[in-house]
Amino acid sequence: MIDKTYILGISAFYHDSAAVLICNGEIIAAAQEERFSRIKHDSDFPIQSIKSILEIAKIDVSKIKHIAFYDKPFLKFERLLETYHAFAPVGFLSFSRMLPVWLNEKLFIKSTIKKQLRKICLKEFTLYFPEHHLSHAASAYYPSGFTDAAIVTADSVGEWTTSSIMHGKENCIKILREQHFPNSLGLLYSAFTYYCGFKVNSGEYKLMGLAPYAGENNVLVEEYKDRILRNILTLHADGSVLLNMNYFRFATGLRMTNNRKWNELFGIGPRHPESDITNEYIALAKAAQDITNEVMIRICKTAKELTGSKNLVMAGGVALNCVANNKIKEEKIFENIWIQPAAGDAGGALGAALAVHHITFNKPQNKCTTFDQMSGALLGPSFTNLQIKDCLNKYNAKFSFFENDDLLIETIATFLSENKVVGWFHGPMEFGPRALGSRSILASPLNIEMLQTLNLKIKFREGFRPFAPVVAEEDVENYFKDASISPYMLFTASVKNDIRTAFTSENIKLSLNEKINQQRSNLPAITHADYSARIQTLNKEMQPLLHKLLMAFKIKTGYSVLINTSFNVRGEPIVCTPDDAYLCFMKTGMDVLVMGKVIVLKKQE
């Protein structure tokens, strides 16, 4: 009988706390604390996540003898102290606020972890602290299925490292090149996020979604890029960057940018959140995205030169930038690219556990028989039909139960073809920031009005935000050009020419609202301003029921494509439980709720 070695991976205390359980290198379960606490990007110790994954694994807590934390707190504290010392006396206010938090909470993380774990009667274990970017690297390399790969990580900052190139070979990971704080592509992108009026560490994807509205050959974009590269950023051939810290305040201040100098450079002040988005901010978003694309391409070319590998894996928050990812793919630097779906700090919990298993314990890689080792990122809790019905009975909700899957799917496909919006709750919850067909809102992509219906009446978010399509894997080439398999929504693809439609000329003087409401293809609700879409390709074996729904929708409409957006509203995490799903459904404009084999219809006023 093979001994089972369980390792609990933890990320906490910064943002996106999470817990992951592996056994002999196999990923058993994973969950983010925000899904249980209902606090978006929750940074607290993930005690509820730990309880959940233990329940999924059906093991007693006493089985866990090894715990891996996703970074080295003392190194991070060293970086903070050295940074404040280097910039002193500037930043004293920030320093005075930071120091008590570290002295009371973060510096003594070992004792904090032990104290927290005593709450679930876990007392005897060994603690490990892999470095932050090693945790990111391990989260990408080991689940990918590759036995040789270049590894690129990029985020705001770990302890000192902001981006890295490593080489994964068999069970080993070797660090080849690192960029250190304060020179950070992630912090540069966050600075533009802040200046364009979005929240740092959560609004970066809004900046990415805003950029395409600038169009191509925009003179203002080119002017902004030139000013950035002459004043703010020095970009080297190998992808390394040097930031002019006179333009930034993130090292020691309480905001990202030196607003006075940015105003002088760009002729606009920082945008007030919720105010109108003018063409200047759209151009600034596009300039930031274009530069990010170029930096990442150069880093990946350097990674190819250093490793000679045909495979690339990536992690870190910047790896969630699907536009940059697609630019890397188009360059054909590598034959294969795999990106960790939980690329941010939540995924660091997974990487920390895997690093301990493969590097500290010197265990060989697990062989992938199908797909990768992430199980479609469907690693969280699931709920039975009995639990779902008990939940609905608690709210005195009327529902219909469908024993027959074919009838269930036919009913839902009919609703979707009639432009009804469907909350879809099925199977294990996703790990990572994307809803991948387990906790999703589904709708028809064939109606341009659906874009605004979802944004304004259901998600309660900015009207410019694009929606991603989920498409049957075998049909993806029918609708998208040069599209590769993308199960985790981490690449974009352009809609094919034969389903595009003519629309008003790209005039930069048009308002954002005028640009949003232009129909660009036969799939208008998922076709972005540059004809792109952040696609999810759905494999029949991975998600058979959702795949069946796509096929039923295709019979009715001719397209095996649906809008797939996360089951939540603005400011809230993706739903976790049947209660979360029902309450979210009732306070939005969704028409239909599907949970397991149960359908709930919104009461008509």
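Two strands pair if DSSP finds at least two bridges between them. Strands (E, at least two residues) and helices (H or I, at least four) are DSSP runs, numbered from the N terminus. This is a predicted model, in which local features need pLDDT of at least 70 and side-chain atom pairs count only at pLDDT 80 or more, while totals for chains, interfaces and linings use all residues. Residues are numbered from 1 along each chain as its sequence is written, and side-chain values use heavy atoms, with hydrogens and water left out.

**Stop 1: the sheet.** Select residues 439-443 and 561-566: these are β15 and β20, antiparallel strands joined by 4 bridges. Look for S440, which sits opposite S566 in β20. Now show the whole open sheet, whose 10 strands run in the order β13-β22-β21-β14-β15-β20-β16-β19-β18-β17, with mixed pairing. Its edge strands, each pairing on one side only, are β13 (400-401) and β17 (480-481).

Stop 2: Axes here are lines fitted to C-alpha atoms, for helices over the stretch in contact, and angles run from 0 to 180 degrees between N-to-C directions.

**Stop 3: a helix pair.** Pick 405-417 (α15) and 544-557 (α19): their axes come within 9 Å and cross at roughly 50°. Angles under 35 degrees count as roughly parallel, over 145 as roughly antiparallel, 65 to 115 as roughly perpendicular and the rest as oblique, so α15 and α19 are oblique to each other.

**Stop 4: the cores.** A nonpolar core is a set of buried Ala, Val, Leu, Ile, Met, Phe, Trp, Tyr and Cys residues joined through side-chain atoms within 4.5 Å; buried means under 20% relative accessible area, exposed over 50%, partly exposed in between (1.4 Å probe, protein chains only). Which residues have the most contacts inside the largest core? Select I232, F248, F266, M296 and F480, out of 184 residues in that core. Helix α11 (279-307) gives the largest share, 14 residues. Apart from this core lies another, of 23 residues, among them L416, V470, V592 and V594.

**Last stop: A68.** Select A68 in strand β4 (64-69). Is A68 buried or exposed? At 0% relative accessibility, A68 counts as buried. Beyond four places in sequence, A68 touches I7, L8, G9, I10, Y128, A352, A353 and V356.

Technical notes:
Contact = heavy atoms within 4.5 Å.
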